Structures are given as C-alpha cells and as structure tokens.
Amino acid sequence: MAQFLARQVFPHYGAIPRSYFLGHHRAGLSKMKNMLSSIDYVVECRDYRAPVTSMNPMFEEALGNKKRIIVYTKRDLGAIPQSPTQIQLEQKVRNFDRNSTVFFTSSAVRADVNKIIKHLRNDAAAPEKLTGCRMMVVGMPNVGKSTLINHLRNHGVGKAKALKTGGQPGITRKIASPVKIIEREGGSHTYVLDTPGVFMPYVPDAENMLKLALVGCVKDAVISPVTLVDYLLYQVNLHDPLAYQRWSEPTNEVVPLLEGFARHTGLLMKGGVPNLDSAALHFIQKWRAGEVGRFILDDLDAEKRRREDPMQTERLSMSQALKVERTSRKNKPEVDDPST
Ligand SMILES: Nc1nc2c(ncn2[C@@H]2O[C@H](COP(=O)(O)OP(=O)(O)OP(=O)(O)O)[C@@H](O)[C@H]2O)c(=O)[nH]1
C-alpha cells in the first residue's frame, strides 16, 4: 500500500454556523453579573481537549477581577495519563495562564479532585463572613461543571451527587442553589453555585466552531454530523491514522470511513445501505469516549506564536461579539434551540 499522507489543511469550512448563543446563555450570563457582588470566588472550567478554544472571553469581561482558579476538565480524554505528551501539553497550557492557579482533572480520578479541595481549603475561606465563602462555577456548555461540583461535594463533605449531569449541553438552565463542598469548624463553610453553560455570541473562526461542537459544547443537531466526522478525521490523521483501524485503513475520505464503520457496527438502512448520519453520530461518541485516540484539538504551538504576535492578539469584546451575532441573526434564519 502507498504511504498514507494526512491532510495538512481542512478544506470544508464553508457553511458552518458560527453562533449558538441561546436565550438561557444570555439570561445566565446576565444573572451571573448581577450576583457577582455576593460571590467570593470563581471556578472557571474549560475543556482539556480544546484548552484555548473552550475559553469563553465573555467571562473575562463579565466576572472582572474575582479571585479565580481555572480547571481543565476531561483530562482523561485528552492524553494518555502520565505520558510525556500529557506532561508537555499541561506545561504549555500552564504557561498561557501564568497569572492563574490551574488544575487538570478527570472527574473519576480522586487525586485530581482532592488537589482542588486541598487548594480551596486554604484559598476559598471567608472567616469574617457569617455566610461562609460563596463560589461560582462557570464555563462553556457541557464542559463538566455539574460533574465537578458533585465530585467536590463527594470528596469534600462525603455527600452523594447533588446536581443533574448529562452528555448533551444545556442540562443546567438556571443558577442552582448553593452546594456545600467544604466544612470548617466555626461555620465558615465553602458553598458552590452551579451555573448554566454559556456559549459565545459569535465564533469568528469556523474551525473553532467545529472543535466546540466535537467536544460537546454545541448540540449535535447544529452542525451536520458527517461534516463533524470529516473534521475529526482530519484531526485524528494528524495524530494517529491507525486509531480507527478496526473499521478502516487510513483514509482522508469521510464517506468510505463511515461506510466501513456502519457495516462493522450494524448501522444499516433497508437493503444494507450504510446509515451515514447515524454512523457519524456514533463515531463522534466513540471519540468522546476516548476510543478513537486521546489528543487535543488545539495547536498549542500555533497559539503560542499567535500570542507572541501583538498584531494578532486582539479579541472581540463582548459588545462587538453581540453586535456581530445580532447582524448574523438578521441575515440568516436563527439557529433553533433544539433542546427546548
Ligand atoms: N470522561 C470524562 N467525562 C466527563 C468528565 N467530567 C464530566 N464528564 C462528562 O461530561 C458530560 C457533561 O457533564 P456536565 O457536568 O453535565 O456538564 P455541564 O458543564 O454541567 O453542562 P451544562 O449543563 O450544559 O452547563 C457528562 O456526560 C459527564 O459525565 C471527565 O473528567 N471525564
């Protein structure tokens, strides 16, 4: 067989929607801002598999200078534990966030969650306040905020799950009641509020929209699953073209890959025709479960170069982003909220 050459550029960015800013995102963000005066501490969650792209600049503006930690969730899905790749990429991410305290967690790994509890025991105390310390967990939809709070509560005060979690974005729609995660003698306990995931009003770069959809920040119905798998295939091939060898030999063509996958997994329609949409959704789920390679979607070296170039560092401000979103809504039929 001729040597396989992976695509170095993804060629299909054409018709990707750039917005997924739903009513409960807007309302959640505004409520967070209004509540800020009663909040002592912010935990910002980002997805480990898209550490740069899953950072929502809206939070920078909305949450101001509150004391904060950053937690990169779903660590188990972004690299092999303890591998040199994991160590290197975490170092690079830490370098981006030099002024913040940063954690990388797999919710199921006790040691990861305990490190956060240990830090918060010292750092998130408010002994002068009768109400204790009130923290808010924020982040893009589906990054694992509620799951993290459930684990903090379990490891912190030994109590069972308090919040509903799920594989699609939008499970938490309103700011929840405070959940106690640390108990202290004298009553200055630490409480956490869960918040609805908030997407950005406008994503200028179509590739970032594909990354956010792949990691699950966007509902699966918003972008065609075959397009998403095509982008995923481009990414998998850059990392390890043998990661899908159970279903296909290395290829840059999404349709033969999905046909092979559908045949192996029985996703066939009448007459044995492969069901490509269904195969695409299942293939994405396999990747999200860590079964098609564990790697991150962001190119951290390119991001470093971008940050070092002062001409490129400018980001859209909140009002600019909202303006672009309003204009694109006027020009196009609005993206429905498929979850309502
Ligand atoms: N593999 C893995 N899955 C995780 C981890 N943390 C969360 N998840 C899964 O990610 C999905 C989303 O988790 P949630 O806690 O509901 O996410 P959320 O940020 O609260 O979501 P919204 O309600 O949309 O704001 C669930 O299926 C979790 O089981 C993790 O560290 N590793």
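The radius of gyration is taken over C-alpha atoms, and the globule rule is 2.2 Å times the number of residues to the power 0.38. For the 340 residues of the protein chain, a compact globule would by this rule have a radius of gyration near 20 Å; the chain has 21 Å, which agrees. The structure described here is a predicted model. Along its principal axes, the C-alpha trace spans about 70 × 45 × 45 Å. The secondary structure consists of eleven helices and six strands. Of the 340 residues, 36% are buried. Among contacts with a separation of 6 or more, 72% are accounted for by residues 24 or more positions apart.

The protein chain is divided into two domains, domain 1 (23-194) and domain 2 (206-331). Their centres, taken over C-alpha atoms, are separated by 26 Å. Domain 1 contributes 25 residues to the contact, and domain 2 contributes 19 residues. On the side of domain 1 that touches domain 2, the elements giving two or more residues are helix H2 (57-63) and helix H3 (84-96). That side of domain 1 has 15 nonpolar, five polar and five charged residues.

The largest nonpolar core has 77 residues, of which Met135, Val137, Leu228 and Leu258 touch the most other members. Helix H7 (residues 225-239) supplies the largest share of this core, seven residues. Both domain 1 (23-194) and domain 2 (206-331) give residues to the core, so it lies between them. For Leu228, neighbours within four places in sequence being left aside, the contacts are with Leu210, Ala213, Leu214, Ile223, Ala280 and Ile284.

The ligand is surrounded by 24 residues, and the closest are Gly144, Ser146, Thr147, Thr165 and Gly197. Helix H5 (residues 145-157) gives the largest share of this shell, three residues. By class, the shell around the ligand holds 15 polar, six nonpolar and three charged residues.

Thr73 lies in strand E2. A residue is buried if 20 or more other C-beta atoms lie within 10 Å of its own; Thr73 has 27 such neighbours and therefore counts as buried. Residues up to four places away in sequence not being counted, Thr73 touches Cys45, Asp47, Tyr48, Thr105, Val143, Gly144 and Leu148. Among these contacts, Gly144 is also one of the closest residues to the ligand. Thr73 and Tyr48 are 25 residues apart in sequence, while their C-alpha atoms are 5.4 Å apart in space.

Lys74 is found in the loop between strand E2 (67-73) and H3, and Gln82 lies in the loop between E2 and H3 as well. Most residues other than glycine have a negative phi. Lys74, although not a glycine, has a positive phi of about 65 degrees. A positive phi of about 65 degrees is also found for Gln82, again not a glycine. Their surroundings are as follows. Lys74 is buried, with 25 other C-beta atoms within 10 Å, whereas Gln82 is exposed, with 8 other C-beta atoms within 10 Å.

Pro51 is placed in the loop between strand E1 (41-47) and H2. With 25 C-beta neighbours inside 10 Å, Pro51 counts as buried. Beyond residues up to four places away in sequence, Pro51 touches Arg46, Tyr72, Val93, Ile296 and Asp298. Pro51 and Val324 are 273 residues apart in sequence, and the C-alpha to C-alpha distance between them is 24 Å.

Leu297 occupies the loop between helix H9 (276-288) and helix H10 (300-308). Leu297 is buried, having 24 other C-beta atoms within 10 Å. Apart from residues up to four places away in sequence, Leu297 touches Arg49, Ala50, Lys211, Leu214 and Gln235. Among these, Leu214 is in contact with Leu228 as well. Leu297 and Val215 are 82 residues apart in sequence and, C-alpha to C-alpha, 9.1 Å apart in space.

Notes:
Residues numbered from 1 in each chain as written. Predicted model: local features only at pLDDT ≥ 70, side-chain atom pairs only at ≥ 80, totals over all residues. Helix = DSSP H or I, 4+ residues; strand = E, 2+ residues; numbered from the N terminus. Buried ≥ 20, exposed ≤ 12 C-beta atoms within 10 Å, placed from the backbone. Contact = placed C-beta atoms within 7 Å. Near = placed C-beta within 6 Å. Nonpolar A, V, L, I, M, F, W, Y, C, P; charged D, E, K, R; others polar. Core = buried A, V, L, I, M, F, W, Y, C linked by C-beta atoms within 7 Å. Domains from an automatic or database assignment.
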